[in-house]
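Biologist: Please take a close look at the ligand site in this model. Which contacts are made there, and what surrounds the ligand?

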Amino acid sequence: MNLITRGFHGRRGGDPARIPPGQYEAHDFPVLSVGPTPRVDTDDWAFTVTTETGTAHSWTWDEFLGLAQERPHVDIHCVTRWSKLDTDWVGVSVDTLLADVESTADYAVAHSYGGYTTNLPLEDLTDGQAWIVHTFDGEPLAAEHGGPARLLVPHLYFWKSAKWVKGLTLTPGDEPGFWEQAGYHDYGDPWREQRYRGD
Ligand SMILES: Nc1nc2c(c(=O)[nH]1)N[C@H]1C(S)=C(S)[C@@H](COP(=O)(O)O)O[C@H]1N2
Ligand SMILES: [Mo]
């Protein structure tokens, strides 16, 4: 066994090339929430995509679980400087949810139970880059981490990954969400250290 190769090229972390500038590797899973944790029963849960014309497409929990399931294995990066490598999730690709949605919108706002919002270009939610996930590390997603389901957009800072997500609204223009209105960067690329507006 070659320990040096394993240490620097293994899939269990420890690879500095995978840690964006100004970040450190966390081995725990910190909880960062603005307000109290909403408790959403899966019997009452629905996910809705609303287009710029107001057309809505909704899925109940059972319908959502009946869609094609994917298993993203990704690194995540929080603006408070922790990065977590090799996280395992199960969920539905946003591509699957948008497959029958007719829209010419360029942006989206993710809305959460509890009122949190965050904005993203639609092109960052498509082409296998974003999921609505319900399972972390083989277990149902814990409420404090966004269960029953959260958005997962691992290539942007983790505040874009809305917990307790209940829908996406597709918008022609960019509409800043909760942290973006509070001075966080509009886009939030961890590799370009886009933490705050103006970075
Ligand atoms: N609905 C909602 N989603 C949210 C947040 C929040 O406060 N409310 N915090 C964001 C921030 S700033 C981060 S870093 C991650 C934290 O996710 P975690 O608590 O699972 O680590 O969720 C993001 N999604
Ligand atoms: Mo964050």
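Modeller: An oxygen atom of ligand 1 sits 2.8 Å from a polar backbone atom of Leu32. That is a polar contact, meaning a pair of N or O atoms within 3.5 Å. Side chains take part as well. An N or O atom in the side chain of Arg150 is 2.7 Å from an oxygen atom of ligand 1. Ser112 places a polar side-chain atom 3.4 Å from a nitrogen atom of the ligand. On its own, ligand 1 has 530 Å² of accessible area, and the protein covers 97% of that; areas come from the Shrake-Rupley method with a 1.4 Å probe.

This is a predicted model, in which local features need pLDDT of at least 70 and side-chain atom pairs count only at pLDDT 80 or more, while totals for chains, interfaces and linings use all residues. Residues are numbered from 1 along each chain as its sequence is written, chains are lettered from A and ligands numbered from 1 in the order in which they are written, and side-chain values use heavy atoms, with hydrogens and water left out.

Now the shell. There are 20 residues around ligand 1, and Pro30, Val34, His145, Arg150 and Lys163 come nearest; to be included, a residue needs a heavy atom within 4 Å of the ligand. By class, the shell holds 13 nonpolar, four polar and three charged residues. Here Ala, Val, Leu, Ile, Met, Phe, Trp, Tyr, Cys and Pro count as nonpolar, Asp, Glu, Lys and Arg as charged, and the others, Gly among them, as polar.

Technical notes:
A polar contact is a pair of N or O atoms within 3.5 Å; within protein, one must be able to donate a hydrogen and the other to accept it, and residues adjacent in sequence count only if both atoms are side-chain atoms.
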